[in-house]
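The following exercises concern the structure shown below. Each task is followed by a worked solution.

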Amino acid sequence: DFGIARQMERTQSMMSQKGTEKYMAPEVRFGNQKGSYNVDIYSLGLVMYQLLNRNRMPFESLNSEFLTFEDRERALWRRLEGEEISPPIDAPEGLGKIIVKACAADKNVRYQSAHEMYTDLMGWRKEKKESIEKVKKSASNKIKTEEKVIDERIEPVSKAEEKEDTILLDEERTIAVFKKERMT
């Protein structure tokens, strides 16, 4: 959307406004057009929010299958009036914080540039990648530890088997000697 789309709204006051109210920053909706490029960051944040919140916008219930017009309007007004939103339900913690900052109703709290948001996204991505590597390394170490434990358990069993084999061999030799002596 990002200020390009034109949509006719239900009221006369909205007739000259450009953009979709659903993704509009509060300062644009209420006519404070002295905003900066961060109104586009706000819209992007809402798109990301919806993608990671099971196709629901902030304050829209995740529990009901269908939302009424009134439910959507109530959620929209809560967001536009500046009520703090919680992170999207399916967003990892770090990414959720980035999205919430992008969607901040106060334009001074919101990201001030796309580069600032990009930097945070790349930082989160790097942390996530490092975290995955740690998990892989930990899993690898766990497998090595489990293999060591198995080896430690097998070793005594092998020694016992060797002893058992030796006992059996000794018994066989004794029987063979006994048979030989009997024959003579």
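**Exercise 1: A helix and its buried face**

Helix 3 (residues 69–80) has 12 residues and spans 16 Å from its first C-alpha to its last, close to the 16 Å expected at 1.5 Å a residue. The coordinates belong to a predicted model.

Task: Determine which residues of helix 3 are buried, how they are arranged about the helix axis, and what they pack against.

Solution. 
1. Buried residues are those under 20% relative accessible area. In helix 3 they are Ala75, Leu76, Arg79 and Leu80.
2. Viewed down the axis of helix 3, these buried residues fall within an arc of 130°, so they line one face of the helix.
3. The packing partners of the buried residues of helix 3 are helix 1 (26–29) and helix 2 (38–51).
4. Just after helix 3, Gly82 adopts a positive phi of about 100°.

**Exercise 2: Helix 2 against helix 4**

Task: Describe how helix 2 and helix 4 (residues 93–102) cross, and identify the residues that make the contact.

Solution. 
1. The two axes come within 8 Å and cross at roughly 140°.
2. An angle over 145 degrees would count as roughly antiparallel. Helix 2 and helix 4 are therefore oblique to each other.
3. The crossing of helix 2 past helix 4 is left-handed.
4. On the helix 2 side, the contact is made by Ile41, Tyr42, Gly45, Met48 and Tyr49; on the helix 4 side, by Leu95, Ile99 and Ala102.

**Exercise 3: A loop residue**

Task: Locate Glu60, decide whether Glu60 is buried or exposed, and list its contacts beyond four places in sequence.

Solution. 
1. Glu60 belongs to the loop between helix 2 and helix 3.
2. The relative accessibility of Glu60 is 10%, so this residue counts as buried.
3. When neighbours within four places in sequence are left aside, Glu60 is in contact with Leu67, Arg72 and Ala75.
4. Ala75 is also one of the buried residues of helix 3.

**Exercise 4: The chain as a whole**

Task: State the secondary-structure pattern of the chain, its buried fraction, and the share of contacts that join residues at least 24 apart.

Solution. 
1. The chain contains five helices and zero strands, giving the pattern α-α-α-α-α along the sequence.
2. Of its 184 residues, 26% count as buried.
3. Among contacts between residues at least 6 apart in sequence, 52% join residues at least 24 apart.

Methods. Residues are numbered from 1 along each chain as its sequence is written. This is a predicted model: local features need pLDDT of at least 70, side-chain atom pairs count only at pLDDT 80 or more; totals for chains, interfaces and linings use all residues. Side-chain values use heavy atoms; hydrogens and water are left out. Helices (H or I, at least four residues) and strands (E, at least two) are DSSP runs, numbered from the N terminus. The expected span of a helix is 1.5 Å times one less than its number of residues. Buried means under 20% relative accessible area, exposed over 50%, partly exposed in between (1.4 Å probe, protein chains only). The arc is that of the directions from the helix axis to the C-beta atoms. Contact means heavy atoms within 4.5 Å. Axes are lines fitted to C-alpha atoms, for helices over the stretch in contact, and angles run from 0 to 180 degrees between N-to-C directions. Angles under 35 degrees count as roughly parallel, over 145 as roughly antiparallel, 65 to 115 as roughly perpendicular and the rest as oblique. A crossing is left-handed if the near helix is turned anticlockwise from the far one by less than a right angle, and right-handed if clockwise.
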